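Reader: Can you walk me through this one? I'd like to start with contacts, then look at the strands.

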Amino acid sequence: MKILIAYASTEGQTRKIARCCADHLIDCGHSVELTHASDARDIDLGRFDAALLAGSVHGGTYQKPLRKFAKGQSDALAEMKAAFLSVSLAAAGDDPDDWQGLNDCVARFTEATGWTPSTVMHVAGAFRFSEYDFFKAWAMRWIAAQKDHEVDPHQDKEYTDWQALRDNLDAWLADG
């Protein structure tokens, strides 16, 4: 199967996750094209059997290049096996309000792009203090404290469950 992975990343965790997806799918015998969403606008999706779009939640929305790509390719995405991978720190927890917020973010994404993915995978992200400026680092420490998480502002902390991600990819490809 030939699979396109188009992603957008703010601090790099979604890029790392997309790379893991590509590596896993290649290891499973698939052909994969991995690209940033801003470089994928003119791609002919007819060349692919499946597509995986990945982006991270920041301020309740996903990155603009990913939204533009999904909107421009919404008809083609609707006609093929396509999934949306949503990366967020909220996916690391089990707070019902956080999960409702994630579902609301996906709903706004589908409304803005006109594409309703048949599969949505929520993946826990990371605190990437090495990528934050002073103000974002302060805000992220405050968010962590609100959820009773201990974080060291001098060290990144990853919440991504890599095996669950691979399992979700396998389940997506096995589904019809």
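Author: One term comes up at once. A polar contact is a pair of N or O atoms within 3.5 Å; within protein, one must be able to donate a hydrogen and the other to accept it. Keep in mind that this is a predicted model.

Reader: OK. How far is the backbone oxygen of Asp 175 from a polar atom of the Lys 81 side chain?

Author: The distance is 2.5 Å.

Reader: Which other backbone oxygen does the side chain of Lys 81 reach?

Author: That of Trp 172, at 3.0 Å.

Reader: And where does Lys 81 sit? Buried or exposed?

Author: Lys 81 is in strand β4, which covers residues 81-88. Lys 81 is buried.

Reader: What about a charged partner for Lys 81, which side chain of opposite charge is nearest?

Author: Asp 175, at 5.2 Å. A salt bridge needs a side-chain nitrogen of Lys or Arg within 4 Å of a carboxyl oxygen. Lys 81 has no salt bridge.

Reader: New topic: strand β1. How many of its residues are buried?

Author: Five of six. Strand β1 spans residues 2-7 and is mostly covered.

Reader: Which strands does β1 pair with?

Author: Strand β2, residues 31-36, pairs with β1 in the parallel sense over six bridges. Between them, the chain passes through helix α1, residues 13-27, and this β-α-β crossover is right-handed. Strand β3, residues 50-56, also runs parallel to β1, joined by five bridges.

Reader: What stands opposite Ile 5 in β2 and in β3?

Author: In β2, Leu 34 stands opposite Ile 5. In β3, Leu 52 does.

Technical notes
Residues are numbered from 1 along each chain as its sequence is written. This is a predicted model: local features need pLDDT of at least 70, side-chain atom pairs count only at pLDDT 80 or more; totals for chains, interfaces and linings use all residues. Side-chain values use heavy atoms; hydrogens and water are left out. Helices (H or I, at least four residues) and strands (E, at least two) are DSSP runs, numbered from the N terminus. Buried means under 20% relative accessible area, exposed over 50%, partly exposed in between (1.4 Å probe, protein chains only). Lys and Arg count as positive and Asp and Glu as negative; His and the chain ends are not counted. Two strands pair if DSSP finds at least two bridges between them. A crossover is right-handed if, with the strands pointing away from the viewer, the path from the first strand over the helix to the second runs clockwise.
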